[in-house]
Amino acid sequence: MSDSSTSTLAVQLRSLVRAAAPGDRLPSSRELIERYRVGPVTVSRAIALLAAEGTVVTRPGSGTYVATKPRTAGEPLDTAWQTVALTDRSVDTRSLTGTSGPPPDGAILLDGGYPHRSLQASRFLSAALARAGRRPDAWDRAPVTGLAALRSVFAGPAGASPDDVLITAGGQSGLSMAFRAIAAPGSPVLVESPTYPGALAAARAAGLRPVPVPIDDDGVRPDLLAEAFAMTGARLFYCQPTFHNPTGTVLAAERRTQVLEVARAAGAFVLEDDFARHLSHGTTTPRPLIADDRDGTVVHLTSVTKAAAPSLRIGALIARGPVLDRMKAIRQVDDFFVSRPLQEAALELLSAPSWERHVRKLGTELRERCAKAAAALAGECPEWTVARLPSGGLHLWVRLPVGSDANALARAARQRGVVVGAGERFFATEPAGPFLRLSFAAAADVAELAEGIRRLGKNV
């Protein structure tokens, strides 16, 4: 391709391209042979040279076309064609990330799903990871279902067998696997209203249609749950019975039995998201629903991420029967297995006496922050209503006065350097009113938490 006739023809073809517009068709090979008095091999080589440069595009059976002009430095990428290629939008992360983008530098965070770094188990986790890394098999392939010893740890609180446990890469991964395993695309899925936005996003990404079921101070209402099953024909109910996100509600003891009975009568599964088991404020945490399930109705999801550190992406799905086999199959399609070093580190962390000490200390600090936040809100924003002080979890659910615009308030708060979560994204359909979710765990300390609420009061 470096002979003189090929080079000469390539120069002449570049002149043709410069005079043409992107997408224009060049003369055929036969025309080029006749026009430039060269052989077919020379034409073929010259076109190949220009195609390699990106100057032209060849389309077999159609011809050679002038390529789109390459971008210059700083010129925006034209991706309009992707809108057609991607067709239907089934994955929407706006409910997770919000519409305002990342928080401004230096802003006080009163939103988010993880405790501040000062509340995390970073020191204990670093030691656990170091011990795990010294094991000779630390980087070997892990079993599909997870390390047997780690499965035993998760099985205990659920009253399950280790064989019923599937280790997941955190809670969000477990949600995605469970939704796809249980319900077919296009199916309805019942959800509490309000509920965790990540669950709504995962359900919709699986092609499911979230149908809201209202909750009150005692959790989901069994009568409305039964009505929703009958009306929709749904075969799945997603719920957070313990320290519900965002309200902090705990499903009342008598309703726990009723929820299972309603689901069994409908021939449906209950997906129990037990994300906050280690986030009690020093009170006794209720037994998980799966501990009282004898029919395989409950698929239980739990995680240590919230109480440990955001990057310890370790959780577990616990189930009995064919649904567990279905989730194992999805695991193999998705990623084969969860990183063994992370599993080994999680096992080291959960097996050490320091873990229980950390959980107790975390609970004490969360209780203090929760009380301080509620008191600060009462002083700075007396028109706002905190329905309850939760006995676990990371958030306060705040009702604003009738007619308030929670989204506008959240935007104004950003301008004052404080980030809060508008309540609209926690509802599957129309919100039940103007709400904010305020995280008392995301701020650096109690002083910063109080300052953030003081700034919120400036917007009232």
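## Strand β10

From β10, Val298, His300 and Thr302 point one way while Val299, Leu301 and Ser303 point the other way, and all are buried, where buried stands for under 20% relative accessible area, exposed for over 50% and partly exposed for in between, with a 1.4 Å probe and protein chains only. Because six of the six residues of strand β10 (residues 298-303) are buried, this strand is largely enclosed by the rest of the structure. Strands here are DSSP runs of E with at least two residues, and helices are runs of H or I with at least four, both numbered from the N terminus.

This is a predicted model, in which local features need pLDDT of at least 70 and side-chain atom pairs count only at pLDDT 80 or more, whereas totals for chains, interfaces and linings use all residues. Residues are numbered from 1 along each chain as its sequence is written, and side-chain values use heavy atoms, with hydrogens and water left out.

## Neighbours of β10

Two strands pair if DSSP finds at least two bridges between them. Strand β9 (residues 269-274) pairs with β10 in the parallel sense over five bridges, and valine 298 in β10 is the bridge partner of valine 270. With strand β11 (residues 315-318), β10 pairs in the antiparallel sense over four bridges, and there isoleucine 318 of β11 is the bridge partner of histidine 300.

## Threonine 168

Threonine 168 lies in strand β4 (residues 165-168) and, at 0% relative accessibility, counts as buried. Its contacts (heavy atoms within 4.5 Å), not counting residues up to four places away in sequence, include Gly174, Met177, Arg313, Ile314, Gly315, Ala316 and Val338. The side chain of threonine 168 also reaches the backbone nitrogen of alanine 316 at 3.5 Å.

## Helix α9

Seven of the nine residues of helix α9 (residues 197-205) are buried, so this helix is largely enclosed by the rest of the structure. The buried residues are Pro197, Gly198, Ala199, Leu200, Ala201, Ala202 and Ala203. After α9 comes glycine 207, whose phi is positive, near 85 degrees.

## Cysteines

A disulfide is a covalent bond between the sulfur atoms of two cysteines. With the criterion of a pair of cysteine sulfur atoms within 2.5 Å, a search of the whole structure finds zero disulfides. For cysteine 370, the closest cysteine sulfur is that of cysteine 381, and because the two sulfurs are 15 Å apart, they are too far for a bond. Cysteine 370 counts as buried at 3% relative accessibility, and cysteine 239 is buried with a relative accessible area of 2%.

Conventions. Polar contact = N/O pair within 3.5 Å; in protein donor to acceptor, adjacent residues only side chain to side chain.
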